[in-house]
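Morning, everyone. I'd like to walk you through some side-chain contacts.

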Amino acid sequence: MSDFSENNAKLILALKVGKTNAYSYLIDCYSNKLLIYANTLCSNSDLAEDIVQNVFIKIWQKRNKLKTEIDLQSFLYKSVYNEFIDQYRKIKSQTSLEEKYIAAINLTIEENDESNLNALIKLVKKEINNLPPKCKETFILSKENGLTNKEIADHLGVSIKSVEAHITKAFSIIRKKLSTKINNVLLLIFG
């Protein structure tokens with residue numbers, strides 16, 4: 001394993017062919033440095049650990065695309081920064097979604113009593129559960145998990161157009177099944 005410390009290209013070649021000892025060396029050598037860097041970006045040790053773990057997972061998953069001429073250390077730091085930006089966007093998206101959800105609930109509470117609100121929420125959830133499997137999965141990844149269309153496309157192995165089509169279809173199906181008032185709540189919740 002010490003051969004890797006002297007030869008960046010050799011480490012990358014070993015990673016590309018799936019040598020687990022090279023992957024272990026990579027983690028052992030860089031994980032603490034990357035954790036410190038990630039923590040300076042987000043000031044949250046749990047999130048920093050998630051970011052670094054995601055970077056290592058993605059490197060392993062996409063190892064065959066690594067180029068031997070890259071400076072691995074710079075690549076790792078840049079990957080941590082990019083993952084931090086992705087996580088920040090997800091958190092920001094979820095916060096926005098939560099604000100819309102709270103606004104929708106407040107609007108509904110003003111117009112209905114609590115039992116009606118629970119009935120509305122159950123009805124919306126029921127209609128989401130009744131969606132065709134691909135529509136349902138795509139809709140949940142987008143609207144509940146806060147993933148971008150590109151992230152969903154990568155995760156499901158489909159095109160971005162296909163993701164957009166599934167989300168549009170899901171909204172269309174739900175709108176047809178729900179009354180105008182519930183439809184307005186749905187739009188406030190999911191945008």
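What is the relative accessible area of Lys150? For Lys150 the value is 48%, so Lys150 is partly exposed. Keep in mind that this is a predicted model.

Now, who is the partner? Lys150 forms a salt bridge with Asp154, at 3.1 Å from N to O. Both sit in helix α8, residues 149-156. They are 4 residues apart, so about one helical turn separates them. Asp154 counts as exposed, at 54% relative accessibility.

Why do such pairs form? Side chains of opposite charge can pair when their charged atoms come close.

The count is 2 salt bridges. Glu83 and Lys58 form a salt bridge too, with the closest N and O atoms 2.5 Å apart. Glu83 is in helix α5, residues 72-111, and Lys58 is in helix α4, residues 45-61. So this pair ties together parts that are 25 residues apart in sequence. Glu83 is buried, at 5% relative accessibility. Lys58 is partly exposed, at 36%.

On to the rings. There are 2 aromatic pairs. Tyr23 and Trp60 make a tilted pair: 4.7 Å between centres, 45 degrees between planes. Tyr23 lies in helix α3, residues 20-42, and Trp60 in helix α4, 37 residues apart. Tyr23 is buried at 16% relative accessibility, while Trp60 is partly exposed at 22%.

Next, Tyr37 and Tyr77. Their ring centres are 5.2 Å apart and their planes meet at 65 degrees, so the pair is edge-to-face. This pair links helix α3 with helix α5, 40 residues apart.

The charged end of Arg63 sits over the Trp60 ring, 4.0 Å from its centre.

Note on methods:
Residues numbered from 1 in each chain as written. Predicted model: local features only at pLDDT ≥ 70, side-chain atom pairs only at ≥ 80, totals over all residues. Heavy atoms only, no water. Salt bridge = Lys/Arg side-chain N within 4 Å of Asp/Glu carboxyl O. Helix = DSSP H or I, 4+ residues; strand = E, 2+ residues; numbered from the N terminus. Buried < 20%, exposed > 50% of the residue type's maximum accessible area, 1.4 Å probe, protein only. Phe/Tyr/Trp six-rings, centres within 6.5 Å; stacked < 30°, edge-to-face > 60°. Lys NZ or Arg CZ within 6 Å of the ring centre and 35° of its normal.
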